[in-house]
Amino acid sequence: QQLINQIAAGEVIDRPAAVIKELVENSLDAGADRLDLDIEQGGQRLMRVRDNGCGIPRDELTLALSRHATSKIASLDDLEHVRSLGFRGEALPSIASVSRLTLTSCTADEAAGWRLRGDGHERFASPEPAAHPQGTTVEVRDLFFNVPARRKFLRTERTEYQHIEEVVRRIALSRFDVAVRLNHNGKAQFELRLADDAEAMGRRVAAVCSEAFLAESSRIEHAGAGMRLWGWLGAPTFSRAQPDLQYFYVNGRMVRDKLVSHALRLAYQDVLYHGRHPAYVLFLEIDPVAVDVNAHPAKAEVRFRDSRLVHDYLHRTLKEAIATRGV
Ligand code: ADP
Ligand code: MG
């Protein structure tokens with residue numbers, strides 16, 4: 001069983017950033033609106049995610065670390081309407097099998113919290129009492145300490161940290177309603193407060209994507225063809241040699257999709273000089289039944305029911321925005 005977990009972990013958890021992604025998605029699933037992340041040595045030594053979500057009751061702590069004990073998909077119908085980010089029920093067991101994991105949690109019904117420690121094996125001691133406000137803290141130490149082959153593939157501390165930061169960026173831009181704090185080696189990297197109005201959202205975009213991007217982008221907001229498109233469209237002058245400032249969300253989920261990038265490239269076609277990539281933070285809202293966001297969860301691809309309609313809507317709307325606002 002431990003081996004199965006480790007094999008599964010190899011597929012899902014290939015580097016520290018993948019752990020952060022899973023832990024943060026769990027926190028969001030738990031309804032948290034505050035995330036505190038502490039990273040040490042690019043995540044290899046320590047990753048700690050603390051949230052103020054619903055917490056895990058004492059007698060479910062062991063279950064949370066056990067394989068296939070949980071699954072939020074009750075039916076195919078659920079799958080079609082899936083909005084919740086997590087659904088596989090294997091992230092925590094996988095992570096626990098390749099690290100020293102400590103789960104501390106407290107629910108609204110409990111007077112104080114409980115802690116469960118794992119050491120890379122399937123057996124856990126009973127939870128012990130631990131002070132904790134409502135919510136959950138997952139601490140992952142010594143990632144891959146028992147999987148030398150994995151450890152060998154880790155890059156430098158800096159590179160691994162940058163992957164983590166990118167994961168946090170993507171989430172911070174998709175959830176303006178969640179406060180996010182990120183520390184690396186004790187130094188504050190992001191300190192993002194809840195952003196509940198346009199100005200605060202702009203501040204967050206500046207903090208995550210740079211002041212320069214915010215200054216050289218224009219706000220767009222458009223509804224049509226049963227969809228809504230809003231966000232920040234970077235000026236051609238702010239285009240990049242690398243496509244590294246391209247954030248596109250469909251119903252709150254970040255996607256990298258050929259159809260989407262094609263529509264964007266077409267829209268910018270006449271104003272972008274050769275070899276440059278547009279920069280943008282855009283949100284498309286569309287009826288959930290008209291899109292399958294889980295077509296390839298790992299690849300972040302989506303499948304639109306009417307891809308032609310979506311492509312043309314994006315192209316037309318963005319082209320117009322670029323032309324009329326002179327972004
Ligand atoms: P999944 O998210 O796919 O259900 P995970 O292995 O990621 O599976 O998590 C297992 C379970 O542990 C979750 O279903 C949830 O019940 C619980 N859990 C994990 N993290 C948290 C958290 N931060 N807050 C509350 N519950 C959590
Ligand atoms: Mg999960």
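Let me begin with the open sheet, which has five strands in the order 9-10-13-11-12 and mixed pairing, where two strands are said to pair if DSSP finds at least two bridges between them, and where strands (E, at least two residues) and helices (H or I, at least four) are DSSP runs numbered from the N terminus. The edge strands are strand 9 and strand 12 (253-254), each of which pairs on one side only.

Before I go on, please keep in mind that this is a predicted model, in which local features need pLDDT of at least 70 and side-chain atom pairs count only at pLDDT 80 or more, while totals for chains, interfaces and linings use all residues. Residues are numbered from 1 along each chain as its sequence is written, and chains are lettered from A and ligands numbered from 1 in the order in which they are written.

As an overview, the secondary structure of the protein chain comes to 11 helices and 15 strands, and of its 327 residues 37% count as buried. By buried I mean that 20 or more other C-beta atoms, placed from the backbone, lie within 10 Å of the residue's own, whereas exposed means 12 or fewer, and partly exposed is in between.

Now back to the sheet, and to strand 13 (residues 280-286). Six of the seven residues of strand 13 are buried, so this strand is largely enclosed by the rest of the structure. Strand 10 (residues 227-234) runs antiparallel to strand 13 and is joined to it by seven bridges, with M227 standing opposite I286. Strand 11 (residues 246-250), in turn, pairs with strand 13 in the parallel sense over five bridges, and here Y249 stands opposite F283.

What sense of pairing links strand 11 and strand 12? They pair in the antiparallel sense, over two bridges, with Y249 opposite M254 and V250 having R253 as its bridge partner. These two strands form a hairpin with two residues between them, and N251 in the turn has a positive phi of about 50°.

Let me stay for a moment with V250, which has its place in strand 11. Is V250 buried or exposed? It has 22 C-beta neighbours inside 10 Å, and therefore V250 counts as buried. Leaving out residues up to four places away in sequence, V250 touches V255, L284, I286, V291, V293 and V302, where contact means that the two C-beta atoms lie within 7 Å.

For contrast, take R265, whose place is in helix 10: R265 is partly exposed, because it has 14 other C-beta atoms within 10 Å.

The next element is helix 11 (residues 307-325), which has 19 residues and reaches 27 Å from its first C-alpha to its last, close to the 27 Å expected at 1.5 Å a residue, the expected span being 1.5 Å times one less than the number of residues. In helix 11, the residues V310, Y313, L314, T317, L318 and I322 are buried. They cover an arc of only 145° around the axis, so they lie on the same side of helix 11, and that arc is taken from the directions from the helix axis to the C-beta atoms. On the other side of helix 11, R308, A323 and T324 are exposed. The buried residues of helix 11 pack against strand 9 (217-224), strand 10, helix 10 (258-268) and strand 15 (301-304).

Finally, the nonpolar core, by which I mean a set of buried Ala, Val, Leu, Ile, Met, Phe, Trp, Tyr and Cys residues joined through C-beta atoms within 7 Å. The largest one has 78 residues, and those with the most contacts inside it are V19, I20, I95 and V168. Domain 1 (2-192) and domain 2 (212-325) both give residues to this core, so it lies between them; the domain bounds come from an automatic or database domain assignment. V168 touches I20, L37, V180, L182 and F190, again not counting residues up to four places away in sequence. Across the protein chain, among contacts between residues at least 6 apart in sequence, 66% join residues at least 24 apart.
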